[in-house]
Amino acid sequence: MHRRHLTAIGLGLAMTPWVAMAQSWPTKPVKLIVPYAAGGLPDSVARIVAQKLTERMGQSVVVDNKPGGNGMVAYQNLIGGINDSHSFIVSDGSMLSITPLLNKSATYVVGKDLLPVSLIARSPLFLVTHAKTGVKTLKEFVEKAKANPAQYTYGSSGIGSTHHLTMEAIKAELNLDIRHVPFRGSGQSVPALLGGQVDFLFSALPSMAGFVKNGQVSLIGTNESRRSPQAPDVPAISEVIPGLDFSVAIGALARSGTSPEAIKRLAEDIAWAVKQPDVVEKFSGVSIAGIGGGPEVYRKEIDRENQAMAKAGRQADLKAE
């Protein structure tokens, strides 16, 4: 009995440092790397969540914007230093689904080089029409586009963007001929629509709400699989094209070799953060739905989005460079 008791004590002591490490993470500030400039959807989600995580963790959670290369600059920043399990990427799915279609150097693999941590939130994009088109419903959009092939234009945030590939998927499914005019981000494409330089555009709701109220533009559809609670009268395009879902998913990713304990703790704390009333209120105000799904949930979402984007990329004839 005495020997067994001492052995149990020895095992307990041997396990103590491991347990302490798991319980003490984070031991320094946590960095959330966003592969876009400040102000976009991933950045907004990251900043709202980071503030709440700071309260929860007792360590600062900071957002570090690293735009460029469709996510490659952020990825290189993540893997460029010592892996201390305190740095993560917060992004939409485009750097996982679209960037590899366009950039041959984007050879990272989800599950190997990048590990899913959390599906933080989802947000739809809305199909918006300029008043000069006279299009105020999804039905009118389809009818007028079919009756006037190559006469209408649509703007996007760039070749390979979610805005671009959503419209290309719709064109392919409904056999529409609408000309694409790519811009460098929504900072250029939204003013182009408002100025009448393009006829249609996919956009996040906050960018358009004021212009909808004064009648400059109309919301006629959403690219999510269901109607948005913020605009319940606007139909989901999936009501016309069953199964269509190009809503933007924002998630957290870790580099290979990140501590499993860090991944587990961050996933749990994000799940807690997105359910807090003040976060729900902030998200709701900009048409974002908090999810807080763990690694497996996020991995399934990545796989779903990759399949949808790859198909749309083929329809748009995207070529890697």
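Trainee: How do the residues lining the second largest pocket divide by type?

Mentor: In this predicted model, seven are nonpolar, three polar and three charged.

Trainee: What is the volume of that second largest pocket, and which residues are closest to its centre?

Mentor: The volume is about 200 Å³. Of 13 lining residues, E173, G243, L244, F246 and K311 are the closest to the centre. Lys and Glu count as charged, so K311 and E173 fall in that class. Gly counts as polar, so G243 does too.

Trainee: Which helix gives the largest share of this lining?

Mentor: Helix α12, with five residues. Helices α7 and α12 (295-315) each supply at least two.

Trainee: What about the largest pocket: what is its volume, and how many residues line it?

Mentor: About 1,100 Å³, with 43 residues in the lining. Nearest its centre lie Y36, S157, H163, G185 and S186. By class, the lining holds 20 nonpolar, 21 polar and two charged residues. Tyr counts as nonpolar, so Y36 goes there.

Trainee: Which elements each supply at least two residues to that lining?

Mentor: The helices are α2, α5 (99-102), α7, α8 (186-194) and α9 (205-213), and strand β8 (200-203) joins them.

Trainee: Why is the K31 and D64 pair called a salt bridge?

Mentor: The closest N and O atoms are 3.9 Å apart. The cut-off is 4 Å, so the pair passes. K31 lies in strand β1 (residues 30-34) and D64 in strand β2 (residues 61-65), so the bridge ties together parts 33 residues apart in sequence.

Trainee: What are K31 and D64: buried, partly exposed or exposed?

Mentor: K31 has a relative accessible area of 25%, and D64 has 22%. Buried means under 20% and exposed over 50%, so both count as partly exposed.

Trainee: How do you know that K171 and E168 form a salt bridge?

Mentor: N to O is 3.1 Å. An α-helix has 3.6 residues a turn, so residues three or four places apart point the same way. K171 and E168 are both buried.

Trainee: What makes R227 and E239 a salt bridge, and where do they lie?

Mentor: Their closest N and O atoms are 2.8 Å apart, within the 4 Å limit. The pair links distant parts of the chain, 12 residues apart, both in the loop between β9 (217-222) and β10 (248-255). R227, at 35% relative accessibility, is partly exposed. E239, at 46%, is partly exposed too.

Trainee: How many salt bridges does the rule give, and which residues are linked in a network?

Mentor: The count is 17. R122, D245, E301 and R304 are linked in a network.

Trainee: How do you know that the span of helix α2 agrees with expectation?

Mentor: Helix α2 (residues 41-57) has 17 residues. At 1.5 Å a residue they should span 24 Å, and the end C-alpha atoms are 24 Å apart, so the two agree.

Trainee: Which α2 residues are called buried, and what follows the helix?

Mentor: The buried ones include P42, V45, A46, I48, V49, L53 and M57. D43 and K52 are also buried. Each has under 20% relative accessible area, so the term applies. Just after α2, G58 takes a positive phi of about 75 degrees.

Note on methods:
Residues numbered from 1 in each chain as written. Predicted model: local features only at pLDDT ≥ 70, side-chain atom pairs only at ≥ 80, totals over all residues. Heavy atoms only, no water. Salt bridge = Lys/Arg side-chain N within 4 Å of Asp/Glu carboxyl O. Helix = DSSP H or I, 4+ residues; strand = E, 2+ residues; numbered from the N terminus. Buried < 20%, exposed > 50% of the residue type's maximum accessible area, 1.4 Å probe, protein only. Expected span 1.5 Å × (residues − 1). 1 Å grid on protein atoms, 1.4 Å probe; cavity = no way out; pocket = protein on both sides within 12 Å on 5 of 7 lines; lining within 4 Å. Points joined across faces, edges and corners; volume = space filled by probe spheres on them.
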